[in-house]
Amino acid sequence: MWRIVVIESNAKLSYKLGYLIVRNTEEKRVHLDEISTLIVESNQCVITTNLINECAIRNINLIFCDAKHLPSVNCIGINGNTSASKRLMNQINWSKNKKELLWQIIIKQKIFNQASILAKYNKNEAYEKLILYVDEVLMNDSTNREGFSAKVYFNALFGAGFDRRNEEIEPNGTLNYVYSMLLSLFSRYISGYGYSNQLGIWHKNEYNFYNLACDLMEPFRMIVDDFVLTYKYKIEQKHHLHLFLKTEVKINGKNETIENSIKTFIRICLNYLESNEHVTIPVIENYEFKD
């Protein structure tokens with residue numbers, strides 16, 4: 001089982017003989033081969049460049065948080081795949097038609113998954129609306145069913161008038177924290193496969209380093225929403241939400257950790273964009289949160 005290491009207090013982080021060394025009032029060691037994600041929450045930590053380089057070499061997801069404990073930096077190695085240059089050229093030339101079809105499929109799956117969450121919480125009227133929206137999603141979601149669904153979905157889950165753009169309203173702070181963790185996982189594996197996160201299929205913001213990760217993570221977002229509703233963490237407790245990374249997902253009939261399910265999902269989407277194969281988005285049948 002991969003380990004998620006969270007540094008919540010002041011410490012010096014360094015590397016020695018394959019180990020992460022954490023020094024504060026005492027010294028602790030964790031072998032880097034056991035770590036999938038290292039989250040540095042304290043702004044008073046000191047970390048060596050040697051450790052940062054080793055994390056990049058081993059494709060460890062290294063996340064730094066800001067003063068509000070929100071993930072603000074995700075370190076990704078630039079030499080994660082030997083075919084990166086070739087794949088970047090392929091990515092630039094991905095078919096416009098295939099990208100638009102993939103976005104349609106992703107949004108249909110996202111809205112269907114949102115509807116499933118609404119059904120779980122007995123939001124039956126909103127559920128019926130979203131099920132109708134699923135069949136109305138066109139190529140490239142040209143009629144913005146995603147936007148209409150989002151308004152219905154969030155108002156049903158968190159109350160009428162809920163505004164996702166207002167970070168001062170809970171649970172927006174908590175949602176943003178876990179969304180950032182989810183985004184970092186997608187960006188990590190996209191980079192590991194040799195593709196650029198900056199070149200998206202729908203997201204095209206020139207100031208967004210994670211356009212492709214933002215695209216592909218969409219069908220997984222509602223797992224975050226359900227997690228936050230299930231545990232009802234307050235904003236000052238967000239540092240406990242690394243437990244989200246222990247979620248087990250049933251995808252394509254197999255039980256996987258959320259990290260492995262993300263890898264499967266990314267691989268299928270990228271293989272479709274690279275080949276002439278028909279794409280069938282893996283179905284997230286259910287998931288289980290692990291304490």
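Across which strands does helix α1 lie, and at what angle does the helix run to β2? In this predicted model, helix α1 (residues 49–57) lies across β2 (12–16), β3 and β6, and its direction makes an angle of about 65 degrees with β2. Axes are lines fitted to C-alpha atoms, for helices over the stretch in contact, with angles from 0 to 180 degrees between N-to-C directions; contact denotes heavy atoms within 4.5 Å. Helices (H or I, at least four residues) and strands (E, at least two) are DSSP runs numbered from the N terminus.

Residues are numbered from 1 along each chain as its sequence is written. Because the model is predicted, local features need pLDDT of at least 70 and side-chain atom pairs count only at pLDDT 80 or more, whereas totals for chains, interfaces and linings use all residues, and side-chain values use heavy atoms, with hydrogens and water left out.

The strands β4-β3-β2-β6 form, in that order, an open sheet of four strands with mixed pairing. Two residues separate the strands in the hairpin of β2 and β3, where leucine 17 adopts a positive phi near 50 degrees.

A nonpolar surface patch comprises Leu88, Met89, Ile92 and Leu199, with about 340 Å² of accessible area together. Patches consist of residues with over 30% relative accessible area and no salt bridge, like charges being joined within 9 Å and nonpolar side chains (Val, Leu, Ile, Met, Phe, Trp, Tyr) within 5 Å. A salt bridge places a side-chain nitrogen of Lys or Arg within 4 Å of a carboxyl oxygen of Asp or Glu. Accessible areas were computed by the Shrake-Rupley method with a 1.4 Å probe; for residues, only the protein chains shown count as cover.

Methionine 89 belongs to helix α2 (residues 84–92), while leucine 199 occupies the loop between α6 (172–192) and α7 (211–216). Methionine 89 counts as partly exposed because its relative accessibility is 49%, a class lying between buried (under 20%) and exposed (over 50%). Leucine 199, at 33%, is likewise partly exposed. Beyond its neighbours within four places in sequence, leucine 199 contacts Leu88, Gln91, Ile92 and Leu212.

Terms used: Two strands pair if DSSP finds at least two bridges between them. Buried means under 20% relative accessible area, exposed over 50%, partly exposed in between (1.4 Å probe, protein chains only).
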